[in-house]
Amino acid sequence: MKGPTPIQRLARLEEVLGERSRGVSIWAKRDDLMELGGGGNKLRKLEFLLGQAKAEGCDTLVVTGGVQSNFARLAAAACARSGLACELVLAQMVPRTTEIYQDNGNVLLDRLFGASVHILDPGDDAGAYARRRVDEIAETRRKALLAPLGGSTTIGCLGYVDCAFELARQSAETGVAFEQIIIPNGSGGMHAGLAAGMVVGGVSPFSDRRIHRALACRQVSPRNCGQDQRGS
């Protein structure tokens, strides 16, 4: 990453909402403007995961995700720039079997970035397959780091702790106090990292909040996961 990503006021959205916005100003953190691999906030996790891979002497990153995973696409791009081999283990997470879905979009970009792509059959366990690939790579006297769904590991979450500091600096520099921060919550890593640095609310796109509270809590404070923590 090169410098902080901008925070942009969504003035047109506020205008469309009118009185429904209740005078609240709405801003967006533009992580989509990151320069590598088409941009995207998961580059924050990959910055730390690739650092971990190099520190541990790994030459390969094995990544799990869905067929059209943005995280997988960014991992392929980051590995290409960093000189690491990349293997993507892509699971069938939605019931779409068209040729366009299976072979185009992010899958096409994955291959253009030089990644080895393993598209699994419906019902296959991506985690088990990826762990097996790590073991097989070790048998060839190479070493791989496993990056699970969304890159949500303790190390990966540090990318969002850093983001929390970045937001605090930008708030101070612009004089805008962000009273509430709302994020999508998938694998829990972004929520966990930000929660370590500030209070943040998450909106789950596909599951109930208890699951994501547990995922985020597990990354931030495993010993206290039985407690209802604010911001987790």
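Predicted model: local features only at pLDDT ≥ 70, side-chain atom pairs only at ≥ 80, totals over all residues.
Residues are numbered from 1 along each chain as its sequence is written, and side-chain values use heavy atoms, with hydrogens and water left out.

**Stop 1: strand β3**

Select residues 60-66, which form strand β3. Helices (H or I, at least four residues) and strands (E, at least two) are DSSP runs, numbered from the N terminus. Seven of the seven residues in β3 are buried. Buried stands for under 20% relative accessible area, exposed for over 50%, and partly exposed for the range in between (1.4 Å probe, protein chains only).

Two strands count as paired if DSSP finds at least two bridges between them. Between β3 and β4 the chain passes through helix α3, residues 70-82, in a right-handed β-α-β crossover. Right-handed here means that, with the strands pointing away from the viewer, the path from the first strand over the helix to the second runs clockwise.

Now show residues 144-147, strand β6, which runs parallel to β3 and is joined to β3 by four bridges. Here L61 has L145 as its bridge partner in β6.

**Stop 2: E87**

Which strand holds E87? E87 lies in strand β4. With a relative accessible area of 8%, E87 is buried. Display its side chain together with those of H118 and R133. The side chains of E87 and H118 make a polar contact of 2.9 Å, and those of E87 and R133 make one of 2.7 Å. A polar contact is a pair of N or O atoms within 3.5 Å; within protein, one must be able to donate a hydrogen and the other to accept it, and residues adjacent in sequence count only if both atoms are side-chain atoms.

Beyond its neighbours within four places in sequence, E87 has contacts (heavy atoms within 4.5 Å) that include T60, L61, V62 and V63, as well as S116 and I137.

**Stop 3: salt bridges**

The structure holds 11 salt bridges, each defined by a side-chain nitrogen of Lys or Arg within 4 Å of a carboxyl oxygen of Asp or Glu.

Start with R12 and E15, whose side chains meet at 3.6 Å, N to O. Both lie in helix α1 (residues 11-17), three residues apart, about one turn of the helix. Both E15 and R12 are exposed.

Next, select K29 and E166, a salt bridge with the closest N and O atoms 2.5 Å apart. K29 is in strand β2 (residues 27-29) and E166 in helix α7 (residues 158-174), so this pair links distant parts of the chain, 137 residues apart. K29 is partly exposed at 24% relative accessibility, whereas E166 is buried at 4%.

Then go to R44 and D31, where the closest N and O atoms of the salt bridge are 2.8 Å apart. R44 belongs to helix α2 (residues 43-55) and D31 to the loop between β2 and α2, 13 residues apart. R44 is buried, with a relative accessible area of 0%, and D31 is buried at 6%.

Finally, select K29, D31, R44 and E166 together: salt bridges link them in a network.
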